[in-house]
Amino acid sequence: MSNYICLAPNGDGWMNLARDNYFLQNVGKDDIILYFYVNTNSVIIGRNQNAWKECNLGAMESDGVRLVRRHTGGGAVYHDTGNLNFSFIMNEKNYDLNRQLNVITRAVSRLGLTAELSGRNDILIDGKKFSGNAFGLAKGNRSHHGTILVDTDLSKLPNYLNVSQAKIRSKGIDSVRARVCNLSDFAQGITVEKVRKLVIESFIEEYGFVSEYAFSGEALSEIEKGYEVQRSWEWRLGKSPEFDYVIDNRFSFGEMQIHLNLKDGYIKEAKVYSDALDVSLADTVTECLFGCRFEQEAMKKRLLSIADSEVGQEILEYINKIYL
């Protein structure tokens, strides 16, 4: 087994995420990669989110804030140079979320701070989130990537993110700013570079000797192709047509918007957006509803066929209440 460290050379969010996805697709079966990157002024959205709804695109364009869509699920976040991003990438046989999270929490403990896990994807200090995490799966490989808010400008969060009131109410909080924090709030003078060094030390303690990752010419060519996808309008924004019905609700598994077009009583077009961590869920619901008759029994049969029938039941109950 070989352990590698890779540090992105610049703040280009499109290239940084292209590199991240390349690792997920190509990591060696016996390799573990810890990849670090810092994005310059960007809003990063989940694979299945609706950028038109989640982001203030006008303000972003005016302020030169880049829109970046990742390949994993989860919600939208703002990145600047005060935010350190990390990715653990490895074959699923070596994947251990507890070990990976331990690397982060142990690094933070070396600052004299106590970090605690909240749910599956947040790490907190004093009840406030400084790290959010998302997860990917491809070709038998897994990625666990996340943020560490070191000294980011949190005042800019509401300028670019349209956080729904349903999400705020579900958290029992007054604002996005009220539930997030920087490590610099607790450790004066801390820098991104210092935190990165602490995480690397913790990684070595957990996994052993590491070396710097070196890209082959073929790898660089593949990453360049990924970069072209990342920067494309189709990937970042895509098609957002008018629909006959829009179902927009916060469920137990996350927010979901289901857009439906009907013809002769059948669903002829469906598009699903979601911030659910399960990146396959939006496609599953889309395939489930496409071609279905828009009536209770037919939709019930389709939705309850979803592997996680509790998800289908929640969606069905909401559609029944609103439209059927």
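Guide: In this predicted model, the strand β14 gives the lining of the second largest pocket its largest share, 5 residues. Strands (E, at least two residues) and helices (H or I, at least four) are DSSP runs numbered from the N terminus. Besides β14 (266-274), the helices α9 (233-236) and α10 (281-289) each supply at least two lining residues. The pocket holds about 340 Å³ of space, the volume filled by probe spheres set on its grid points, which are joined across faces, edges and corners. Its lining has 17 residues, and Arg 47, Asn 48, Arg 69, Lys 271 and Tyr 273 are the closest to its centre. Here a pocket is an open set of points on a 1 Å grid over the protein atoms alone, where a 1.4 Å probe fits, with protein on both sides within 12 Å along at least five of seven lines; lining residues have an atom within 4 Å of a point. By type, the lining divides into 7 charged residues, 6 nonpolar and 4 polar, with Asp, Glu, Lys and Arg counted as charged, Ala, Val, Leu, Ile, Met, Phe, Trp, Tyr, Cys and Pro as nonpolar, and the others as polar.

After α10 comes Gly 291, whose phi is positive, near 80°.

Residues are numbered from 1 along each chain as its sequence is written, and side-chain values use heavy atoms, without hydrogens or water. Local features need pLDDT of at least 70 and side-chain atom pairs count only at pLDDT 80 or more, whereas totals for chains, interfaces and linings use all residues.
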